[in-house]
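Colleague: I have the sequence and the model open and want to go through some of the packing. Can we start with the helices?

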Amino acid sequence: NSANFMNEMLDNAGIRSEIEVAIDNNCIDRLVNKHKPTHVIIEALWVVPSKFSVLTKLHPNVRWIIRLHSEMPFMAGEGMAMDWLGEYINFPQIDIGVNAPRMLNEIQAYLRIKKSWTQRQVEKRVFYMPNYYPQEYVTKKFDREKYWVDVACFGAVRPLKNHMLQAVAAVKFAESINKKLRFHINAGRIEMKGEPVLHNLRGFFAQLYDNGHELISHMWTPREGFLELCSQMDIGMQCSFSETFNIVGADLVSQGVPLISSSEIPWHTPWFSAEPTESKQIYNSLRRTYNFYKINTSLSQYNLTRYTNKTRKIWLNYFKG
């Protein structure tokens, strides 16, 4: 989805762009020959560095950009990440695009030291390439008459997503408004030892079943189906320990659903945010959202729009500047 959004944005701005899904490293040469690009953006870390020994010789005029989508706490769980980045930068034709300012600073520091570069030299090779999101929003009315309150904590199940603490706060919130909680997650995608998280969520809600609170698991679905699912939610939660953009949060907001987030999300709304380690803060943000539903939604959509407008300028400046 992230690559599709960027591809459409560039096309609409008059920059010819194509998106391809490569099955493996061996597909890349064929795809580059097919399109004959000036730049190739590799989304995330999946190309073995040694492959570029061949690709950079076959396509000497191509500028390669490896684009990172994670902060350092998440990247630490990718066992080959720092080694591969160190190898990539040895190729003069390869640059590193980073979608988060803190991570940008950290990767620049690492590679500046490795190569004994000046700050200006490293900035030419390691630069900011934030996420884009299409500005297509709907409005939604909050149904206060329902017996249930549907709270979504979507995204891959992994420890840094902080599902468990958010579930505790959500149950407390539902009890405070005299409703039963339906806590929605995506259980079909488990990453970075997320199995214990899922087991704890299931055990937590199994113990509360007689109290009327439920865990509802959804499989990962194509985008249109996921947006339809988002539209059925009352409140979204993304109080994560680590984020760089958070597409699932943006999907909820695009469907008129208010969002409780942590400050890890760069377009978060401070009044409706919470520290991910503070269940009381998360609970208070849920209560605030329940009382000021429209304000949360409008501010979240405004902040997301402002962020993506800046993204567009950064990308167009890179390719047109």
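Colleague: At what angle do α11 and α13 pack, and how far apart are their axes?

Modeller: Helix α11 and helix α13 (residues 293-320) pack at an angle of about 125°, and their axes are 9 Å apart. Axes are lines fitted to C-alpha atoms, for helices over the stretch in contact, and angles run from 0 to 180 degrees between N-to-C directions. That makes α11 oblique to α13, since angles under 35 degrees count as roughly parallel, over 145 as roughly antiparallel, 65 to 115 as roughly perpendicular and the rest as oblique.

Colleague: What should I keep in mind about the numbering and the model?

Modeller: Residues are numbered from 1 along each chain as its sequence is written, and side-chain values use heavy atoms, with hydrogens and water left out. The model is predicted: local features need pLDDT of at least 70, side-chain atom pairs count only at pLDDT 80 or more, and totals for chains, interfaces and linings use all residues.

Colleague: And the helices themselves, how are they assigned?

Modeller: Helices (H or I, at least four residues) and strands (E, at least two) are DSSP runs, numbered from the N terminus.

Colleague: Which residues meet between α11 and α13?

Modeller: Ala250, Val253 and Ser254 of α11 meet Ser300, Gln301 and Leu304 of α13. Contact means heavy atoms within 4.5 Å. By class, the residues of this contact are three nonpolar, three polar and no charged. Here Ala, Val, Leu, Ile, Met, Phe, Trp, Tyr, Cys and Pro count as nonpolar, Asp, Glu, Lys and Arg as charged, and the others, Gly among them, as polar.

Colleague: Is Ser254 buried or exposed?

Modeller: Ser254 counts as buried, at 2% relative accessibility. Buried means under 20% relative accessible area, exposed over 50%, and partly exposed in between (1.4 Å probe, protein chains only).

Colleague: What else does Ser254 contact?

Modeller: Leaving aside neighbours within four places in sequence, the contacts of Ser254 include Tyr133, Glu136 and Leu227, as well as Gln301.

Colleague: Different pair now. How do α5 and α6 pack?

Modeller: Helix α5 (residues 81-88) and α6 pack at an angle of about 55°, with axes 10 Å apart. They are therefore oblique to each other. The contact is made by Met82, Leu85 and Gly86 of α5 and Ile107, Tyr110, Leu111 and Lys114 of α6. It has five nonpolar, one polar and one charged residues.

Colleague: Val98 is in β3, then. How many residues of β3 are buried?

Modeller: Five of the five residues of strand β3 (residues 94-98) are buried. Ile94, Ile96 and Val98 point one way from β3, while Asp95 and Gly97 point the other way.

Colleague: Which strands does β3 pair with?

Modeller: Strand β2 (residues 63-68) is joined to β3 by five bridges and runs parallel to β3. Strand β4 (residues 126-128) also runs parallel to β3, with three bridges. Two strands pair if DSSP finds at least two bridges between them. Ile96 has Val126 as its bridge partner in β4.

Colleague: Last one. What is the strand order in the five-stranded open sheet?

Modeller: The order is β7-β6-β5-β8-β9, with parallel pairing. β7 (214-218) and β9 (259-261) stand at the edges with a single partner strand each, so one side of each is left without a neighbour in the sheet.
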